[in-house]
Amino acid sequence: MALAEIPDEAVEHGEVFTRRWIVEMILDLVDYRPDRDLSALRLVEPACGAGAFLGVIARRVSESCRKRERPLLDALGAVRAFDLLPRNVAKARDLVTGVLSDEGWDRGEAETVADAWVHRADYLLGQTNSEQVDFVVGNPPYIRLEDVPEDRTSLYRALYPTMVGRADIYIGFFEAGLRSLRDGGRLGFICADRWMRNQYGRELRRLVADEFAVDVCVTMHDVDAFEEQVSAYPAVTVIRQGRQESAVAADTTRDFGESAAHELTAWIRGGEDSPARAASYQAARLPHWFSGSDLWPTGSPARLAVLEDLTERFTVMGDRASGVRVGIGVATGADKVFITRDPDVVEAERLLRLSMVRDTTSGNFEWSRHYLVNPWGTDGELVDLDKYPKLRVYFERNGAALRGRYVAKKNPEKWYKTIDKVEPGLAQRPKLLFPDMKLSSHPVLDKGGYYPHHNLYFITSATWDLEVLGGLLLSKVAEAFVDAYAVKMRGKTLRFQAQYLRRIPVPRPETLTVEQRSRLIDAFRKRDVQAATSAALDVYSLTGWPD
């Protein structure tokens with residue numbers, strides 16, 4: 001049975017036409033230039049629309065053929081462009097024919113080339129067995145998967161595993177384009193950059209990080225890049241089939257235009273290491289791009305360059321070699337039952353002093369006298385309730401709440417367990433505590449004796465003086481890593497979660513001088529962020545911190 005067609009109105013809604021100077025910039029960045037033999041190379045445009053890219057491509061192919069005295073028909077296989085709408089296919093063919101005719105080529109030959117280049121087809125369904133190509137360029141459509149018929153959506157997801165969650169259809173265009181590149185081939189898209197920063201982009205980020213190389217990312221959120229005003233949060237991204245090397249991160253303002261694009265492109269192609277800054281853009285060359293499927297960081301190019309430099313020079317806290325462990329406190333699934341302020345509610349042996357977010361507010365740990373009713377023994381197993389009659393009575397009294405939880409229904413015989421096991425010995429260890437949500441970095445020292453609640457993240461270490469480490473983590477340097485990676489909450493509140501804390505690089509503790517250690521301890525005890533930042537800059541061998 002034939003697949004249901006994507007409704008024309010959904011395709012039309014997904015069309016956003018690109019300004020010519022943006023097209024020129026993308027073609028320059030992927031190195032699709034007339035001084036190369038373009039008739040011998042293979043370029044694909046997955047969603048050509050009425051021909052915004054094809055017009056510029058046709059002129060470059062024409063100029064390349066003239067320079068090499070090659071006949072136009074040598075370029076019959078040089079370009080393949082696709083679109084779903086018949087009227088767009090017709091417009092694109094007419095445009096290519098007109099451009100090549102204006103360039104002095106025989107009109108009949110121009111029409112032959114245009115017909116060979118432009119096809120009505122669903123690019124995502126035609127790419128699975130396609131030849132390898134040198135370039136994939138364009139502006140993939142902004143169509144939500146819920147606007148696509150279910151049978152077609154299911155096939156897309158089967159063909160392109162990166163299309164997870166509530167993905168836009170452009171995710172599939174990225175994957176299809178990347179997988180079609182031959183060694184050294186480049187993909188250049190102008191497209192919404194949301195996939196770099198949200199959950200549905202995680203598998204595409206993983207694919208890019210594991211198998212490809214990001215060469216350029218130019219953020220253009222406020223730039224007038226399209227023929228119509230749209231809220232697309234676009235970025236120009238160039239990704240190469242090859243090994244990751246240095247990468248350019250650039251950001252632009254609303255004043256970024258054609259002449260600035262020429263300047264920035266020249267700087268990128270020139271390979272300069274020193275950052276570029278102009279009235280309408282700033283750019284920096286990073287030692288490499290970001291790894292894994294985690295959210296890619298945000299920030300100014302200069303700041304991103306420093307973050308990557310520090311990551312390159314030091315060991316991140318998520319690496320065992322850092323000597324640091326980052327974890328999260330206990331989730332119970334029934335706080336009203338498992339958390340109490342009554343020290344006599346169960347046997348004293350079954351109570352753990354519990355640290356809560358409120359205990360960290362002042363910057364010094366001040367226990368609010370909360371306890372965890374602890375069902376776990378020192379062997380890491382649930383205790384026998386027959387040995388603790390007060391505990392049994394207490395849990396039975398709250399049996400409806402405990403047995404109604406998903407974790408209890410899944411394991412009925414363990415109905416009184418907390419969601420997380422209580423780790424033997426953790427309460428006694430000194431810890432740095434981080435409240436989950438805070439406007440700024442807020443490490444607080446628990447000298448030992450308390451078990452953290454699940455709204456607290458903790459750091460322990462057998463090699464660090466935790467006050468020294470606390471001084472580093474109080475600094476704006478450490479905060480910048482969380483700010484770059486974390487999803488921002490309302491009011492610019494940051495999430496100091498384990499996945500972000502593990503991104504922070506730290507030196508080996510033995511490399512710090514006595515003076516550096518003293519400065520960090522003093523700053524931590526006084527909660528002096530400015531002094532902590534100054535000391536951290538010295539530790540990281542930085543002369544300043546970029547905006």
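**Helices, loops and buried side chains**

Reader: Is Glu 69 buried or exposed?

Author: Glu 69 counts as exposed, because its relative accessibility is 73%. Here buried means under 20% relative accessible area, exposed means over 50%, and partly exposed is in between, with a 1.4 Å probe and protein chains only. This is a predicted model, in which local features need pLDDT of at least 70 and side-chain atom pairs count only at pLDDT 80 or more, whereas totals for chains, interfaces and linings use all residues. Residues are numbered from 1 along each chain as its sequence is written, and side-chain values use heavy atoms, with hydrogens and water left out.

Reader: Where does Glu 69 lie, and what is its phi?

Author: Glu 69 lies in the loop between α3 and β2 (79-83). Its phi is near 55°, which is a positive value in a residue other than glycine. Helices (H or I, at least four residues) and strands (E, at least two) are DSSP runs numbered from the N terminus.

Reader: What about the phi of Arg 369?

Author: Arg 369 is not a glycine, yet its phi is positive, at about 65°. Arg 369 is in the loop between β14 (351-355) and β15. With a relative accessible area of 49%, Arg 369 is partly exposed.

Reader: Stepping back, how many helices and strands are in the chain?

Author: The chain has 20 helices and 22 strands. Its C-alpha trace spans about 95 × 65 × 35 Å along the principal axes. Of the 547 residues of the chain, 56% count as buried. Among contacts (heavy atoms within 4.5 Å) with a separation of 6 or more, 75% come from residues 24 or more positions apart.

Reader: Now the helix pairs: at what angle do α2 and α3 cross?

Author: Helix α2 (residues 20-29) and helix α3 (residues 52-67) cross at roughly 55°, and their axes come within 9 Å. Axes are lines fitted to C-alpha atoms, for helices over the stretch in contact, and angles run from 0 to 180 degrees between N-to-C directions. The two helices are therefore oblique to each other; angles under 35 degrees count as roughly parallel, over 145 as roughly antiparallel, 65 to 115 as roughly perpendicular and the rest as oblique.

Reader: Is that crossing left-handed or right-handed, and which residues make the contact?

Author: The crossing of α2 and α3 is right-handed. A crossing is right-handed if the near helix is turned clockwise from the far one by less than a right angle, and left-handed if anticlockwise. On the α2 side the contact is made by Arg 20, Val 23, Glu 24, Ile 26, Leu 27 and Asp 28, and on the α3 side by Ala 52, Phe 53, Val 56, Ile 57, Arg 59 and Arg 60. By class, there are 7 nonpolar, no polar and 5 charged residues. Ala, Val, Leu, Ile, Met, Phe, Trp, Tyr, Cys and Pro count as nonpolar, Asp, Glu, Lys and Arg as charged, and the others, Gly among them, as polar.

Reader: Which residues does Asp 28 contact?

Author: Leaving aside neighbours within four places in sequence, Asp 28 is in contact with Arg 33, Arg 60, Thr 265 and Arg 269. Asp 28 is buried, with a relative accessible area of 17%.

Reader: And Asp 31, where is that residue found?

Author: Asp 31 is in the loop between α2 and β1 (43-45). Asp 31 is buried, at 16% relative accessible area. With neighbours within four places again set aside, Asp 31 is in contact with Arg 36, Phe 135, Arg 186 and Arg 269.

Reader: Changing topic, which residues of α13 are buried?

Author: In helix α13 (residues 389-397), the buried residues are Leu 391, Tyr 394 and Phe 395. Seen down the helix axis, they fall within an arc of 95°, so they line one face of α13; the arc is that of the directions from the helix axis to the C-beta atoms. These buried residues pack against α12 (335-338), β15 (370-373) and α14 (399-403).

Reader: What does the face turned away from the buried side carry?

Author: That face of α13 carries the exposed residues Val 393 and Arg 397.

Reader: Lastly, which residues does Ala 523 touch?

Author: Ala 523, in helix α19 (residues 514-526), touches Leu 474, Asp 528, Ala 531 and Ala 532, not counting residues up to four places away in sequence. At 1% relative accessibility, Ala 523 counts as buried.
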